[in-house]
Amino acid sequence: MIQEKIIDLLNSMTLDEKIGQLIQITPQLYYDDTSSTAETGPIEKLGISEEHLYNIGSILNCGGAEKVKKVQDIFLSKNRLHIPLLFMADVINGFKTIFQIPLLQGCSWDLNLIQKCAEISAKEAAFSGIQVNFSPMVDLVRDSRWGRVLESTGGEDPYLGSIYAKTIVETYKSCGIASCVKHFAAYGASQSGRDYNTVDMSEREFREYYLPSYKSAIEANCDLVMTAFNILNGIPCSSNKYLMYDILRNELKFNGVVISDYSAIKETINHGYAKDSKDAALKSLNATVDIDMMSNVYYNNLKNLAFQDTNIEKLIDNAVLRVLTLKNNLGLFENPYGQLDIEKEKSYVMSSENLEIARKTTANTLVLLENKNNILPLNNNSKIALIGPYAENKGISGIWSTIFYKEIEKTITLKEGIEKKVNVDNLQIARGCHILKTSEFNNLLSSIGESCITIQNDDEMERQEFEKAINVAKNSDIIILAIGEHYKQSGEGGSRSTIELPDIQLNLLNELYKLGKPIVAVLFSGRPLAVKNFVDKVSALLWVGFPGIQGGNSIADVLFGDVNPCGKLNMSFPQSTGQCPIYYNHYSTGRPHTYNTRYASRFLDIPTYSYYPFGYGLSYSNFEYSNLVLSSDIITENSTIDLSINVKNNSNVPGYEVVQLYIQDLVGSVVRPVKELKGFKKVFFNAFEEKIISFSINNDMLKFYNHNLKFVSEAGDFKVFVGSNSRDNLWKVFSKID
Ligand code: BGC
């Protein structure tokens, strides 16, 4: 439809019809099937009357071609102007082909891989009726206590976050599905990692670290922006005019749809920013937040507000125009079902090709953290004891997978993956313990409002399971220990005050260690965990995040050497919980930890640096770096420096290496981080192959926000580092002159 017609349509709408476009609800009111709709926030009665139900603009988390078609048909049969519903959903790490969690996808440092995961997710969702995906989540994350770090592809780095954001948005667009970048803004910086908590930061910190990934998504023509739950510098994001209007619309020139997060407009009352529901509606509308997701604030108040002030109807019109334009851009006025296709849904969703890609992409993101004496890859003829609560556990897809993926039995467990690699007579299995003690699990369930399980003599059961595991281990050459946190312990509302391995699993590990057999630990979690208290007892440690429905196959591919691991961390692993937040691109203090005195900036009981740094990850190959050369040690505004470095695979195992380039501005008019990622290359090396890897350093890489918030580079000395991770690298100094 041409844009003029959209304006005609707007002019023909009643105020009620307009307000309806600004409301998003779940589909149950049209279609009585609660079983397959997930709630992602507090459930309350919205009190929408039958008369207004058929004015609503969009639907949350309804997927499945038949179901979406049914809801759309029921709706359109009663909507006066035949304005179709827009179906928006959270397809975070896959619709039904569930990939690894985004945090693990980001460990690929591979845009093709990110693109492939996004493409399959988008197409599966689109054929199943979804038109807008609430993704990418690009919040910068530094604090592992926050349960939602698992959703961030870029992890703690704005450069990685930005290029991933662009790739995902462009991929969705090429698949005809709209993207929604979230959560604007700085949601990942909540104090103490507690979800929905206060965020307070300087404008410079915001612009330098947190804003770039959202900006990159917007520059890639992202269609929607979702507000964040938190306050930012005293004002809730969902009614923050400076953030939404001045920065987002004026400065970043975003003219798409802004949607609140789940009930976040209403929550501005709890924040103490809006006096009541009417005030909340006014403030969010003024901030140009277009859609009220799952609260009745716009529904109950916009009409009266418009009667009192004619300017309000103008704001409403602007918001409605943006929503109608989005529907039009998606072609919904011509075809209200979008790409919904019952036949394609059947043939494409979870097709064997998609599952195979999930297997490959996941294997190529797993991060090998330890491999003492090259214990990995394993020999297929070893006698293996597979032990631990994740040995046969199907809950390995992360919390977001549960929205649309209901056939959990299709998930490949670690046991099923390993069975394909070895003679089953050589494989023995014992769980050893649950992820948590029953009482701890019940505490978790009751804290999230779920019913508890019955406790049956916990200690006795525990003793018997331990014993069985130890007997199994005694008969083996090697122990594969599948451990980690429960998937319900991460994700939204999944903050933890301690991020160590649960005690019951530590006890199991300690008992097994006494047998003196090598232990290969496979660690499942939605976040970097503090591994220091057990890592010296294991020979190998493979971090697998939540690897998705092909997880067992992908892990086995790596354990047995069919895939050479190449994942590199996008988020630092801390020494202990008390070290959080921790990130590699921090500033230096006036008293660095290297000071040999009490009065240094450090902890008394742990080192200041992370346990595994950003960019870290081992391989079965052995990469050696040498001969870092700069074409000049001077750079100007318009010149570049060519950098080259020799990288050699000093092993007979072919593999990928991510060669990383970091820069430090040694003295600035405001202090600069000790290191910042500015580029990388993921390169394949044959056995014993040596290559010269080159980069070009330009002036843009030296820019930062100065004390006047101007994005500039300054004359002075810089250090450039190249290496295999953010800690181990070669470096050279160069100078910028005016
Ligand atoms: C989450 C969003 C999500 C929304 C809709 C909220 O609770 O914060 O990330 O997109 O629910 O499900």
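Which helices each supply at least two residues of the lining of the largest cavity? They are α5 (102-105), α6 (111-127) and α7 (158-174), with helices here being DSSP runs of H or I of at least four residues, and strands runs of E of at least two, numbered from the N terminus. This is a predicted model, where local features need pLDDT of at least 70, side-chain atom pairs count only at pLDDT 80 or more, and totals for chains, interfaces and linings use all residues. Residues are numbered from 1 along each chain as its sequence is written, and side-chain values use heavy atoms, leaving out hydrogens and water.

Back to that cavity. A cavity is a set of points, on a 1 Å grid over the protein atoms alone, where a 1.4 Å probe fits but cannot get out, and its lining residues have an atom within 4 Å of a point. The largest one holds about 150 Å³ of space, the volume being what is filled by probe spheres set on the points. Its lining has 15 residues, and Ile92, Pro102, Ser135, Ile168 and Tyr172 lie nearest the centre. Helix α6 gives the most, with three residues.

Helix α21 is another spot to look at. Nine of the nine residues in 551-559 are buried, so α21 is largely enclosed by the rest of the structure; buried means under 20% relative accessible area (1.4 Å probe, protein chains only). Among them are Asn553, Ile555 and Asp557. These buried residues pack against α15 (352-363), α16 (414-419), β14 (478-484), β15 (519-524) and β16 (540-545), contact meaning heavy atoms within 4.5 Å. After α21 comes Gly561, with a positive phi near 85 degrees.

How values were computed. Buried < 20%, exposed > 50% of the residue type's maximum accessible area, 1.4 Å probe, protein only. 1 Å grid on protein atoms, 1.4 Å probe; cavity = no way out; pocket = protein on both sides within 12 Å on 5 of 7 lines; lining within 4 Å.
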